[in-house]
Amino acid sequence: MGDKASDCVKVAIRCRPPSTKEINNGEESIVEMTEAFGEEGEAGQVVLSDPNAHDEPGKFAFDIVFGLSVAQSQIYESVGRPALQKTFEGYNGTIFAYGQTGSGKSFTMTGAAGDLRGIIPRVNEELFAQIAEKQSSSTCRFLVMCSFFEIYNEIIFDLLNPVADRTKLGGGLQIKEHPVMGIYVKDLTEIVAEDVGKVETLLENGNKSRAVSSTLMNSVSSRSHSIFTIKIHQKDEEDTSRNVFAKLNLVDLAGSERQKGTGASGQTLKEGANINKSLSALGNVINALVETANGKKVFIPYRNSKLTRVLQESLGGNSLCTMLATLSPAACNYEETMSTLRYANRAKAIKVSATKNEE
Ligand code: ADP
Ligand code: MG
């Protein structure tokens, strides 16, 4: 174990363009942004106006602010590339997308084809491009391993080894803690990836298992948290004492919107309660970490949900963390947008530190 890197949680805000439906409905855009892409000395700002003018506009400062016309490639440059760089250096990292359903979490993390590729496919491409370059010019050798799971209704599902009938899985996979390796998901499939294509296939298959179940269980993807993890292990063929390993978690959280009382019953209601359990547990952990950063000694309730337990080391432990909060510009989403901005604003204060994983 060697160097240490300390930083605050990096918070980035992205607002998507108005949808066709919002335009057709004549929805007013209530988000104004001063953009900043994370360069030294830049100061981004988000101003949110109350469409009913009851409240003063909310003003928030963030280091990274992406307006509606910012390209996927820029999001990668400001958020994805630096995280991958740190992973190569041996620091664990996490990027998580937070926001209400329809605000652009999956578009940002996964995206679509071509220029619309999101952070995950771009990390994948750059990962193998850099490995090829490093392997051709040095005696470094790399092993990449991937896992992909989702937390749905407080149950962990392995997306790389899906079960045909989820209801037979019982409580799902369990979270364990290893004295050296830390917190992990027991029996989670880890697949060695030797090239870009392999990771693409894993992602495609994993996303398909999410999609399949969404027809069975009310739109699982907006109600579940998905976590794609890339582990990089570096060895030096000549200097065998050098051994660097780190993982990067790429997290697409469930929609942050409050459950509405209308029509929710049975399974849906239970889901709502459990999703709220994970997301409100995340909120409570963030609050406690902010108090800790302010010098108070408080208990951090990581064990209150699967999500916070899995993310424990990313939030308060050995990991560098980026929170990417996504916003809708529409007046009808004012309250959810305000709540996302407040959440993101609080998270700015959290201090994280990561130790280089090197032997
Ligand atoms: P979420 O995952 O938060 O529920 P999505 O990523 O599925 O939301 O986005 C909702 C819709 O908005 C999708 O059709 C998506 O393609 C579109 N969208 C989201 N963000 C952007 C953006 N920055 N630019 C263009 N379209 C976007
Ligand atoms: Mg989504």
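In this structure, a predicted model, an oxygen atom of ligand 1 lies 2.9 Å from an N or O atom in the side chain of Ser-106, a polar contact in the sense of a pair of N or O atoms within 3.5 Å. Taken alone, ligand 1 exposes 550 Å², of which the protein buries 64%, with accessible areas from the Shrake-Rupley method and a 1.4 Å probe. Because the model is predicted, local features need pLDDT of at least 70 and side-chain atom pairs count only at pLDDT 80 or more, while totals for chains, interfaces and linings use all residues. Residues are numbered from 1 along each chain as its sequence is written, chains are lettered from A and ligands numbered from 1 in the order in which they are written, and side-chain values use heavy atoms, with hydrogens and water left out.

**Ligand 1 and its shell**

**Strand 16**

- In strand 16 (residues 320–327), 8 of the 8 residues are buried, so the strand is largely enclosed by the rest of the structure; buried means under 20% relative accessible area and exposed over 50%, with partly exposed in between (1.4 Å probe, protein chains only).
- Leu-320, Thr-322, Leu-324 and Thr-326 point one way from strand 16, whereas Cys-321, Met-323, Ala-325 and Leu-327 point the other way.
- Strand 2 (residues 10–15) pairs with strand 16 in the parallel sense over 6 bridges, pairing requiring at least two DSSP bridges, and Cys-15 stands opposite Leu-327.
- Strand 8 (residues 93–98) also runs parallel to strand 16 and is joined to it by 6 bridges, with Leu-324 as the bridge partner of Ala-97.

**Positive phi in two loops**

- Most residues other than glycine have a negative phi.
- Glu-154, not a glycine, has a positive phi of about 65 degrees; Glu-154 is found in the loop between strand 9 (140–152) and strand 10 (155–158) and is buried, with a relative accessible area of 11%.
- Asp-187 likewise has a positive phi of about 65 degrees, but Asp-187 is exposed, with a relative accessible area of 61%.

Note on methods
A polar contact is a pair of N or O atoms within 3.5 Å; within protein, one must be able to donate a hydrogen and the other to accept it, and residues adjacent in sequence count only if both atoms are side-chain atoms. Helices (H or I, at least four residues) and strands (E, at least two) are DSSP runs, numbered from the N terminus.
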